[in-house]
Amino acid sequence: MNQMTAIPAAASPLEMGRFADQNTPLVRNCWYVAGFADEISRDIISRRLLGVDVALYRTLAGEPVAVRNRCPHRSFPLAKGRLEGDVLVCGYHGMQFDPSGRCLAMPSMPIVPTNANVAAFPTAERGPLVWIWMGDPDHADEALIPDTSWLASPEWKSVRGAYHIKSDYVAMHENLLDQTHFPFLHPGTVGTPEFARSKLDVRLEGDVVVIYRALRDAPPPGIYGVPMGLMDKRVDRFSEARYVSPALHTAYASVTDNADASGTPKKYRFNITHLITPETQTSLHYWWFNSRDRKLDDAEADAFLRTASEKAYLEDVDALEWIAQTVAQDAEPQFDLNFAPDKPGLLMRRSIFERAEAEQARGL
Amino acid sequence: MHGQLIDMVVAGVRQLTPRIREYVLASADGSPLPRGAPGAHVELHTHSDLSGPIVRHYSLVGGQGLAEDRADHYRIAVQREDRQRGSAHIHDTFAPGTRLKVSRPRNNFPLDLRDRRSLLIAGGIGITPIYAMLRSVVRRGRPFAFVYAGRTQDHLAYAAEGMELAGAAGRLHVSGDPATDHLDMAALLAAQSDDTTVYVCGPLPMIEAVHTAARTLGWPDARVRSERFTAGPAPDDAPFAVELRRTGRTVEVGRDASILDALTASGIDVLSDCRRGECGLCPLPVLEGGERISHRDSYLSDEERAAGNTLCICVSRLPGGTLVLDA
């Protein structure tokens, strides 16, 4: 057989693999969202989180419970069983488990086996969200749950939605940190040509990547201008987006109308909350909230913001799934190019890579 | 089933008290080990020329202070019980470089992460799983109290580290040697908040005292968690022989190993799973010697034990002589 001459690859840090991508082991020691709080009830549901099938339910006292959705005896999915009080009963041989995963009974045996526990995952409810810890349970400190207090505050009004996306969570985070795609993928909602050209400030606060833009005296984007009645005005727009953790991206847009009828400038603030939980290496669960601090009781604003957000996020879902399909199906490898606006995404990918690498070194 | 044993090597030895030594065990090929949650233990398999195969259970300590052990390390603490038995053999022969095997971790004494508040009680060498639990509650910022009792101050392994972790929530109790000033479990439990779950590991009388105090206070059973190795070895265990009449083989069972261990070591394949006398997979029919069996399982009924026609070979044994099995 003829010898083939390999084409040498340029050795940039990116090509050396120090940046997370869909093949990087998932970061496990992190609070992720398991679901909207109102999805978890006395009816057991199952959801795959970080590759593990989890059964989710509530105790009679209302506490969320998450256990592995797999009986330790013959792998029957426990979510197909039933609840007797707080006890989860397997639908195959009737093995019973308490909310901590301890086996309470095995009907076909004369004794209760002490080694037949099912893994339980720490959970914590915060406003409209239930968080879960899929990593080393010993590190599940609830103080590490990131702040999303505006989602439960009476000072704010939120609309929300959820998608399942066939793409990896690194790509999702990169999409959220990349605002230069707005005018092209999202024309008419969040993207305006002026916004794309405004100067971007990128900084790192520990593991948190923050990007900030100030755009003064410009037309507002439709998604905020229409529901707040500002489309005929020029406004100052300040926007920040932050990669908080592998589970969370938050953003805000602050729009100031300097020509408000009251004679004093009026500020409108929107908080956008993106909650991302890997389902597998190549798929994810996504929950979003768009929260505002003005016109809280305006049903038309609710409807507009929901529709406009859904339109923009569906455009992101399409883009991410098309990209994932291209990468998966194209036989010819490609090292993607990077440009200045990709800096925040690269900082995030490096952070996720280093967290994943540290977990692998610890044996998780 | 039982699963494969992991090849390990002693990486470090540290004398903690006059009778307790800590051993850091490393995976022989340096690969990461399966992690054990607080309360988990491993089976340690070694061999002595005097008594043959030795199998002992040791809780995983997990780390030092808040720092956890390397991914390829397990940390155990072994108290020397008496001469020439398993623990004495380990003390006498284990040195850096000694090779041994351990099982994957099992956890029959899990810490419930949902507990609002935990009371962790350790007696003597019972500190080992409690220390791992203490690290977990401190790390997660959960309310707790930690009480550690022993005969003399210098017999308490990890006392300084444990008290430093626990801070104001920790308390040492020295009961004297011989023990005269026992910890007042009734008073201790009565002082706990209603949402406290108790974990206790230590000598059997101490564990029973905690369960008794809880019952007296009218607590539900689930509020006190303990681990009792009732199926474990007894000081007067002796070697005996097992004859497999159909197979035509006789196997010697050392005093520090079970029939199951001895058969497995001799290449005889038998069904088993839990290795603690619960799952009911390993019982074999007995032809001779049944009236002398010391039954230590929790699977067989009283009638089955009295009849002596079967035994759980993972825990039950004979005080000497020969047991003939229909196998």
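Two strands pair if DSSP finds at least two bridges between them. Helices (H or I, at least four residues) and strands (E, at least two) are DSSP runs, numbered from the N terminus. This is a predicted model, in which local features need pLDDT of at least 70 and side-chain atom pairs count only at pLDDT 80 or more, while totals for chains, interfaces and linings use all residues. Residues are numbered from 1 along each chain as its sequence is written, and chains are lettered from A and ligands numbered from 1 in the order in which they are written.

**A sheet in chain B**
- Strand β16 (residues 284–288) of chain B pairs with β17(B) in the antiparallel sense, over 2 bridges.
- In β17(B), B:Thr310 stands opposite B:Pro285.
- An open sheet of 5 strands in chain B has the order β15-β14-β18-β16-β17, with mixed pairing.
- Because β15 (249–253) and β17 (310–311) of chain B each have a single partner strand, they stand at the edges, and one side of each is left without a neighbour in the sheet.

**Chain A overall**
- Chain A has 6 helices and 18 strands.
- Its C-alpha atoms fill a box of roughly 80 × 70 × 35 Å along the principal axes.
- Of the 364 residues in chain A, 39% are buried (20 or more other C-beta atoms within 10 Å of a residue's own, with C-beta atoms placed from the backbone; 12 or fewer is exposed, in between partly exposed).

**Domains of chain A**
- Chain A is divided into domain 1 (31–142) and domain 2 (154–362), with bounds from an automatic or database domain assignment.
- The C-alpha centres of domain 1 and domain 2 of chain A lie 33 Å apart.
- In chain A, 9 residues of domain 1 are in contact with 7 residues of domain 2 (contact: C-beta atoms, placed from the backbone, within 7 Å).
- On the side of domain 1 of chain A that touches domain 2 of chain A, β1 (31–36) and β2 (45–49) of chain A are the elements giving two or more residues.
- The largest share of that side of domain 1 of chain A, 4 residues, comes from β1(A).

**Helix α5 of chain A**
- The 31 residues of helix α5 (residues 299–329) of chain A should span 45 Å at 1.5 Å a residue, and the end C-alpha atoms are 44 Å apart, which agrees; the expected span is 1.5 Å times one less than the number of residues.
- Among the buried residues of α5(A) are A:Leu305, A:Tyr313 and A:Asp316.
- The cover over the buried residues of α5(A) includes β12 (157–165) and α1 (169–177) of chain A.

**Between the chains**
- Chain B gives 26 residues to the contact and chain A gives 22 residues.

Note on methods:
Two residues are in contact if their C-beta atoms, placed from the backbone, lie within 7 Å.
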